[in-house]
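Please read them alongside the sequence and the coordinates.

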Amino acid sequence: MIRSEEVFYIGKVSKFRGIQGEVEILFTDDAFDRGDAEYLVLEMEGILVPFFWEEYRFKNDKTAIFQFEDIHDETAARRIVGASVYYPKAALPEDGEEGAELRSWQALTGFALYHADGTPIGTVQAVDDATANILLIIDRADGTQTYLPFHEDFLVEARLKERALFLNVPPGLLEIND
């Protein structure tokens with residue numbers, strides 16, 4: 001049985017394609033490019049289920065078309081449309097190994113954020129990279145949401161396999177939205 005702490009969210013099955021059972025997955029994370037898993041995990045009725053693929057191809061930088069084993073018709077493909085897609089943490093390269101770097105700002109979605117001293121800040125709920133100024137939308141432990149303009153100079157340490165960032169945030173910057 002796959003446990004939620006063994007995987008992390010990377011996207012959603014957005015639609016089916018044709019009558020052969022292919023589906024499109026819209027990625028919010030580049031882990032699929034960096035890791036070596038032979039399967040993706042889909043949440044089906046609250047249960048995490050591995051889906052092995054036969055083949056895939058990228059449609060663009062955020063979408064890929066998958067043909068999964070045992071899904072070879074439109075009816076079966078329709079059943080998984082809308083499913084959340086997760087990636088197994090164990091399939092990611094160790095920090096410092098080849099492929100252990102982030103290739104997009106969107107990949108920060110779901111990362112835990114900490115102050116440099118280890119004090120929790122929150123979790124990245126979304127990343128706005130529409131402009132040159134990267135904006136992290138953060139869910140705080142107290143249930144509030146805040147925005148953090150992100151700059152690489154804030155980064156103290158990145159633990160990609162743990163999906164954690166340690167930041168040296170200038171005083172007052174997190175409270176600017178309060």
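1. Two strands are taken as paired if DSSP finds at least two bridges between them, and the strands themselves are DSSP runs (E, at least two residues), numbered from the N terminus. With that convention, the bridge partner of Gly 11 in S6 is Val 85. This is a predicted model, in which local features need pLDDT of at least 70 and side-chain atom pairs count only at pLDDT 80 or more, whereas totals for chains, interfaces and linings use all residues. Residues are numbered from 1 along each chain as its sequence is written, and side-chain values use heavy atoms, with hydrogens and water left out.

2. As background, strands of a sheet pair through backbone hydrogen bonds, either parallel or antiparallel.

3. Strand S5 and its partners. Strand S4 (residues 47-58) pairs with strand S5 (residues 63-68) in the antiparallel sense over 5 bridges, and the two form a hairpin with 4 residues between them. Within this pairing, Tyr 56 stands opposite Phe 66, while Trp 53 has Phe 68 as its bridge partner. S5 is also joined to strand S2 (residues 22-27), again antiparallel, by 4 bridges, and there Glu 24 stands opposite Ile 65.

4. Which way do the residues of S5 point? Thr 63, Ile 65 and Gln 67 point one way, and Ala 64, Phe 66 and Phe 68 the other way, all of them buried. Buried here means under 20% relative accessible area, exposed means over 50%, and partly exposed lies in between, with a 1.4 Å probe and protein chains only. On this count 6 of the 6 residues of S5 are buried.

5. Strand S6. This strand is joined to S1 by 5 antiparallel bridges and to S3 by 2 antiparallel bridges. Val 85 faces Gly 11 as bridge partner, and Leu 42 stands opposite Val 85 as well. From S6, Ser 84, Tyr 86 and Pro 88 point one way and Val 85 and Tyr 87 the other, and all are buried.

6. Ser 84. This residue lies in strand S6 (residues 84-88) and counts as buried because its relative accessible area is 15%. Not counting residues up to four places away in sequence, Ser 84 touches Tyr 9, Gly 11, Lys 12, Val 41, Leu 42 and Glu 43, where contact means heavy atoms within 4.5 Å.

7. Gly 21. The loop between strand S1 (7-17) and S2 holds Gly 21, which is buried with a relative accessible area of 0%. Leaving aside neighbours within four places in sequence, its contacts include Phe 66 and Gln 67, together with Ile 71, His 72, Asp 73, Glu 74 and Ala 77. The C-alpha atoms of Gly 21 and Leu 113, which are 92 residues apart along the chain, are separated by 39 Å.

8. Positive phi angles. Glu 45, in the loop between strand S3 (39-44) and S4, has a positive phi of about 55° although it is not a glycine, and Glu 45 is exposed, with a relative accessible area of 83%. Arg 163, in the loop between strand S11 (155-159) and strand S12 (164-167), has a positive phi of about 60° and is likewise not a glycine; Arg 163, however, is buried, with a relative accessible area of 5%. I would ask that both be kept in view when the backbone is read.

9. The largest pocket. About 210 Å³ of space lies in this pocket, and 14 residues line it, of which Asp 29, Asp 30, Asp 61, Lys 62 and Ser 104 lie nearest its centre. A pocket is an open set of points on a 1 Å grid over the protein atoms alone, where a 1.4 Å probe fits and protein lies on both sides within 12 Å along at least five of seven lines; lining residues have an atom within 4 Å of a point. By class, the lining has 3 nonpolar, 4 polar and 7 charged residues, with Asp, Glu, Lys and Arg counted as charged, Ala, Val, Leu, Ile, Met, Phe, Trp, Tyr, Cys and Pro as nonpolar, and the others, Gly among them, as polar.

Terms used: Grid points are joined across faces, edges and corners, and a volume is the space filled by probe spheres set on the points.
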